[in-house]
Amino acid sequence: MTGLRFPRELADEMVAHVLEGRPNEACGLIAAQDGDVVHVYRMTNVSASPVRYALDPKDQLGVYRDLDDRGWELGGVFHSHTRTEAYPSPTDVREAREDVPYVIVSLAAEPATIRAFRIVKESWSADDGEIEEIPVEVLG
Amino acid sequence: MATTGAVKVKIPTMFRKLTGNESEVDLAPGTIGQLIDQLDERFPGFKGQIMNEAGELHRFVNVYVNDEDARYLEQLETKTNEGDQVALLPSVAGG
């Protein structure tokens with residue numbers, strides 16, 4: 001798995017979105033082309049919680065259609081950890097159902113930390129999975 | 001590849017290795033249950049991944065027919081027609 005490369009302004013936009021979401025977790029989707037991030041979709045956390053996040057499936061569908069229209073791929077899912085490190089929680093592993101990088105932005109310390117992981121499962125419905133870190137680069 | 005008379009079905013990222021990385025496949029119109037059967041024929045094991053042993057979709061799978069959630073239509077009995085867009089979407093969530 002190759003890494004994810006963020007142009008500085010898109011990494012900043014993602015961090016700005018999760019800062020605005022505090023004290024709750026915030027989330028969004030990432031569009032990429034060959035590992036280069038080309039767009040950050042700011043999404044609503046319908047769980048509205050400091051320890052949980054979820055996308056509204058209808059919002060998610062709208063983004064997936066937009067990706068198709070623009071010829072982009074789903075580059076990743078991002079969410080924040082407001083008080084803990086940028087590493088998948090047991091809930092993150094259990095709920096991971098997309099075969100894309102899961103980007104976690106930690107706001108536990110300044111500046112924010114961005115890391116990305118792939119959660120590899122034996123079956124789609126498995127609750128447990130292997131965590132593989134994916135390199136994240138912020139360019140510029 | 002577009003096929004006349006087909007329903008377009010969006011495939012979750014987890015199964016794209018089965019589809020040769022195609023994000024959408026064209027299937028013959030039918031109920032959602034019949035579309036899943038067609039996918040299982042084309043990609044053996046698919047059904048076992050998206051349904052439980054009782055033949056119900058896993059709770060984390062959302063099915064949309066155009067812009068409607070099939071849960072509020074007729075679920076697996078929901079009919080699709082030529083030109084419809086069906087999406088099988090996993091929930092995106094965590095903590």
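Trainee: How much area do chain A and chain B bury between them?

Mentor: About 2600 Å², going by this predicted model. Carbon and sulfur atoms account for 57% of that area.

Trainee: And which residues of chain A lose the most area to chain B?

Mentor: That would be Arg65(A), Arg97(A) and Trp124(A). Together they make up 30% of what the chain A side buries.

Trainee: OK, what about charges? How many salt bridges are there between chain A and chain B?

Mentor: The count is three. One I can point you to joins the side chains of Arg65(A) and Asp67(B), at 2.8 Å from N to O. Arg65(A) is also one of those residues that lose the most area to chain B.

Trainee: How many residue pairs are in polar contact across the interface?

Mentor: 14, with both residues at pLDDT 80 or more.

Trainee: Where does H2(A) sit on chain B?

Mentor: Helix H2, residues 57-70 of chain A, lies across strands S1, S2, S3 and S5 of chain B. Its direction is at about 120° to S5(B). Chain B has its own helix on the sheet too: H1 (residues 32-42) touches S1, S2, S3 and S5 of chain B, at about 110° to S2(B).

Trainee: Switching to that sheet, what's the strand order?

Mentor: S2-S1-S5-S3-S4, an open sheet of five strands in chain B with mixed pairing. The edges are S2 (24-27) and S4 (68-69), each pairing on one side only.

Trainee: And S3 with S5 of chain B, parallel or antiparallel?

Mentor: Antiparallel, over five bridges. For instance, Asn62(B) has Leu89(B) in S5(B) as its bridge partner.

Trainee: Last one: Asp26(B), in strand S2 of chain B. Buried or exposed?

Mentor: Buried, because its relative accessibility is 13% and the cut-off is under 20%.

Trainee: So what does the side chain of Asp26(B) make a polar contact with?

Mentor: The side chain of Lys8(B), at 2.9 Å.

Notes:
Residues are numbered from 1 along each chain as its sequence is written. Chains are lettered from A and ligands numbered from 1 in the order in which they are written. This is a predicted model: local features need pLDDT of at least 70, side-chain atom pairs count only at pLDDT 80 or more; totals for chains, interfaces and linings use all residues. Side-chain values use heavy atoms; hydrogens and water are left out. Two strands pair if DSSP finds at least two bridges between them. Helices (H or I, at least four residues) and strands (E, at least two) are DSSP runs, numbered from the N terminus. Contact means heavy atoms within 4.5 Å. Axes are lines fitted to C-alpha atoms, for helices over the stretch in contact, and angles run from 0 to 180 degrees between N-to-C directions. Buried means under 20% relative accessible area, exposed over 50%, partly exposed in between (1.4 Å probe, protein chains only). A polar contact is a pair of N or O atoms within 3.5 Å; within protein, one must be able to donate a hydrogen and the other to accept it, and residues adjacent in sequence count only if both atoms are side-chain atoms. Buried area is the accessible area (1.4 Å probe) that two parts lose on being put together, summed over both. A salt bridge is a side-chain nitrogen of Lys or Arg within 4 Å of a carboxyl oxygen of Asp or Glu.
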